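Here are my notes on the model, for reading alongside the structure. They are set out as numbered points.

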Amino acid sequence: MNMFSIQQMYFGLYEKCKKMMISRYVRKVAKGYTSPSFQLTKEQKRQILEFYKPYAKINLAFHRFFTEKSGEFSPYYLPNDMYINKVDEYFNNRTESQVMDNKCYYPMIFDRNGVKQAECVALRMNGFWFTPEQQMLTKEELERILNAEPALFVKEATRSYGGKGVQYIERPANGDLFSLVMEKIHPNAGDIVVQKPLKQHPALAAFNPSSVNTIRVVTLLSKDGVKVYSSVLKTGEKGSKVDNGTSGGMTVGITGDGKLRKYARKVSGEQFDRHPASGVVFENYELPCFDAVLELVKKAHPLVPHFRLVSWDVAVDENGDAVLIEANLAKGSINLHQLNNGPLFGEDTKKILDEVFGKNK
């Protein structure tokens with residue numbers, strides 16, 4: 001066996017072990033959030049296993065979790081491990097995502113193609129500081145730019161999943177925001193994005209004014225264009241500056257005409273009929289400028305064609321404009337969608353799985 005064959009075997013074993021670890025972890029989480037007393041019926045189990053038989057042997061923990069927490073059964077729920085290890089990997093180029101899933105590249109990809117974003121004031125890439133137009137900055141220039149702002153969001157460009165690596169920093173009493181930002185950046189942080197805080201639409205701020213409450217949209221790019229599969233509103237808990245579910249926030253499903261469903265849910269499945277911070281009732285609440293949000297993601301998706309299945313985070317600013325906050329180019333969470341809106345791909349589930357598993361060749 002030559003060196004190349006040994007190397008290929010090593011990487012193959014590594015990927016197989018990594019997928020096994022992912023499967024075990026997400027199954028453990030699903031089981032941990034499901035009541036031990038809740039069980040699927042024999043008929044429900046039969047429908048699930050019959051539907052997935054052509055594709056793979058699956059664990060029923062995910063169907064138990066989604067059925068119990070949503071109150072709705074469907075054999076089409078997508079198991080989390082299948083989504084991460086098969087579906088997402090099929091539609092998205094994981095090698096490309098290691099480079100492209102970096103917020104420092106957003107101005108070049110999206111801004112220059114007319115996709116509005118939160119206003120960026122500076123970027124740090126490979127240890128160098130730049131303007132959003134990629135002009136290098138001296139320390140003195142960066143200090144002047146940062147000190148001109150009353151407050152800033154500082155984000156790690158590649159490791160800010162779930163609100164982690166995101167900091168809201170206000171100008172201190174001595175006015176030296178630059179020094180405070182440098183102090184707050186973690187020593188091991190890589191690339192950095194520094195943005196002005198976004199003033200969101202009052203209809204979205206009504207839920208929780210301390211966080212920018214965004215709309216998460218899943219789209220699939222195909223030869224027929226960009227199709228929207230699911231949308232949810234993400235809103236933070238009282239006092240939080242981020243809206244992520246893993247940081248204590250909650251999500252609520254959005255209907256096709258831009259209205260909210262009856263219940264919002266946390267990652268555990270715990271549900272609320274109104275926001276605990278504001279008391280705003282979710283059911284039938286009409287979101288502002290939802291059409292503009294969908295137009296933005298449909299415009300943005302063809303700009304990243306190596307990633308066919310993308311989860312977008314979009315805000316609506318005080319003027320009613322849709323603003324791109326983040327593009328999750330790989331491994332976007334599906335729990336928030338399936339808890340609130342049912343199976344991610346709905347009636348298209350068989351068609352999607354046929355493509356992923358090569359059944360339509």
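**Helix packing and the sheet**

1. The buried residues of α2 pack against α3 (61-70), α4 and α12. Note that this is a predicted model. The buried residues in helix α2 (residues 42-52) are Gln44, Ile48, Phe51 and Tyr52. Because these residues cover an arc of only 90° around the axis, they lie on the same side of α2. Lys42 and Glu50, on the other side of α2, are exposed.

2. Two of the helices that α2 packs against, α4 and α12, also pack against each other. The axes of helix α4 (residues 80-91) and helix α12 (residues 349-356) are 10 Å apart, at an angle of about 75°. Angles of 65 to 115 degrees count as roughly perpendicular, and α4 and α12 are therefore roughly perpendicular to each other. From α4, the contact is made by Met82, Lys86, Val87, Tyr90 and Phe91; from α12, by Ile352, Leu353, Glu355 and Val356. Seven of these residues are nonpolar, two are charged and none is polar.

3. Turning to the strands, there is an open sheet of seven, in the order β10-β9-β8-β7-β6-β11-β12, with antiparallel pairing. β10 (271-272) and β12 are the edge strands, and each pairs on one side only.

4. Is strand β11 (residues 309-316) buried or exposed? Eight of its eight residues are buried, so β11 is largely enclosed by the rest of the structure. In a regular strand the side chains alternate between the two faces of the sheet. For β11, both faces are covered: one side has Leu309, Ser311, Asp313 and Ala315, the other Val310, Trp312, Val314 and Val316, and all are buried.

5. Which strands flank β11 in the sheet order? They are β6 and β12. Strand β6 (residues 214-222) pairs with β11 in the antiparallel sense over six bridges, and Trp312 in β11 is the bridge partner of Val217. β11 and strand β12 (residues 322-328) run antiparallel and are joined by six bridges. Here Ala315 has Val323 in β12 as its bridge partner.

6. Thr235 stands opposite Met250 in β8.

Methods. Residues numbered from 1 in each chain as written. Predicted model: local features only at pLDDT ≥ 70, side-chain atom pairs only at ≥ 80, totals over all residues. Heavy atoms only, no water. Axes fitted to C-alpha atoms, helices over the stretch in contact; angles between N-to-C directions. Helix = DSSP H or I, 4+ residues; strand = E, 2+ residues; numbered from the N terminus. Parallel < 35°, antiparallel > 145°, perpendicular 65-115°, else oblique. Contact = heavy atoms within 4.5 Å. Nonpolar A, V, L, I, M, F, W, Y, C, P; charged D, E, K, R; others polar. Buried < 20%, exposed > 50% of the residue type's maximum accessible area, 1.4 Å probe, protein only. Pairing = 2+ DSSP bridges. Arc of directions from axis to C-beta.
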